[in-house]
Amino acid sequence: MAANSSSSPSSSSSGQQAPARLEGLVKEFEGIEAKLFDLKMRCERAAPTVTAWLDKDQKAVGEKSKRLVGLMERFEESLEKVKHLTHDWHADATHFKHSLRHNSPDNHFNQQLYDAYHSSGEGNESGSGPNRYVTHDMGPLRTKRLKDDCHPDYYRSAGYDVKGEQFKLIKDGIDAARKYLGTYGSLKIYIVGGSNVNANRETLRTYEGDIGHILDKAKRDDGDAFCSGQPGHARALVFCNTHKFCIHGWNDKKLSTPGFVSTRGIHEYTHVFQGAYLQEACTWLEEGSAEFLAFYLGGKNNQNVLGSFEKQMMHVMFEIQKFRKRNPGLGIENMEDVDKAGARERCFVRELGYDAGCWAVAFAIVQSGKGIKSFYEEFFPMCAKDNERDSEHGDKAKVKRYGSWRQAFKEYVKMDVKTDFYFMFEMFLEMPPSEHQKLLSALKE
């Protein structure tokens, strides 16, 4: 009985607390219901605004979709154009299967080594080092085709190259270029070097232009070579301390390169040849075609030191690809005239003008369906004005003259350089090395 009497008050207390707890829960749910109702009303008020936003986004998406469709259509048209211009070269790693089918067993040329930046000009020096370029404002740069028995005049500094080793290398390269391209001039060739300022100054006595930077280079024992315009139909080639010529090869090693002196002579003489025809500047075409011919003739005359033409060209391509990864968006179209290029582009004259330019010339030759010899014998005369003679002893070349390298290029390569060639060449650079190698094999004399 004692146990029963003690539990009765506890049960009574619990029964009294239950209705109070339920009432509290009811009030809490009523509060939640009110909040939900308020949220519902807010959503209904916001619905028109949200709907308007959605409609606006849908319109924007629709416009972007239309633009995307338009871009895709243009891309498909470009692909069709690419197939037509490249003789149905396919985008599935079978590019060039038509044009590159004609592999010649004789297409194994040796190469020219890298040269420091070449400049056509004189006088107002800008910068220093391998990427120095010189501008000029002295008279016309035009040269003339001369009789083959007309020889250039050589001026050699006393005390430099006593044994005549550098002179022979330079002359071998220039003679190889003259034999291939013909004799152009008039031409004076200056070979200087060493610290004897008076001897170098005397050697440059007939040089028309500022000789200060040449004397400074000779005194500092820096190697360089360049082509310079002279008054009238004349050019000058200056070779300074050519015993210092070297190349940064693989693993950044410096290699002694005697053959490079000869191929540098080929490169510089090609600018003398170009001076008879080109009416306007195109840095990648000028430097690229000079570099390409030096690679080609240097190999044919055993004047290289790095191996075959293909090996050197593929090494140049390797350097191009490294440059393109570091500098996306830059191409040879940015190097039509180094003197008018922007400050950034101007820093890359080696990569865009020489390296990419050399490959652009190779690409253009294959696209034309003609040979290397034809490119120099036909294309460059087409760049001259129709009312000018390129020869002082005979009729002008039997090709139509356009007075513009762009018009001549369009006729010879069958591509407009702006709308077609630059785009096609960029596509070619995107291809794997195996396709680059095939193009080299397709080059023919």
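Arg205 is exposed in this predicted model, with a relative accessible area of 59%. Its salt-bridge partner is Glu202, and the closest N and O atoms of the pair lie 3.1 Å apart. Glu202 has a relative accessibility of 48% and counts as partly exposed, because the exposed class begins only over 50%.

A second pair is found in helix H2, which spans residues 165–181 and contains both Arg178 and Asp175. These two residues are three positions apart, about one turn of the helix, and their side chains meet in a salt bridge with an N to O distance of 3.5 Å. Arg178 is buried, at a relative accessible area of 10%, whereas Asp175 is partly exposed, at 27%.

Helix H13, covering residues 433–442, holds a further pair: Glu435 and Lys438 are three residues apart there and thus separated by about one helical turn. The two form a salt bridge whose closest N and O atoms are 3.4 Å apart.

Side chains of opposite charge can pair when their charged atoms come close. With a cut-off of 4 Å between the side-chain nitrogen and the carboxyl oxygen, the count for the model comes to 21 salt bridges.

Note on methods
Residues are numbered from 1 along each chain as its sequence is written. This is a predicted model: local features need pLDDT of at least 70, side-chain atom pairs count only at pLDDT 80 or more; totals for chains, interfaces and linings use all residues. Side-chain values use heavy atoms; hydrogens and water are left out. Helices (H or I, at least four residues) and strands (E, at least two) are DSSP runs, numbered from the N terminus. Buried means under 20% relative accessible area, exposed over 50%, partly exposed in between (1.4 Å probe, protein chains only).
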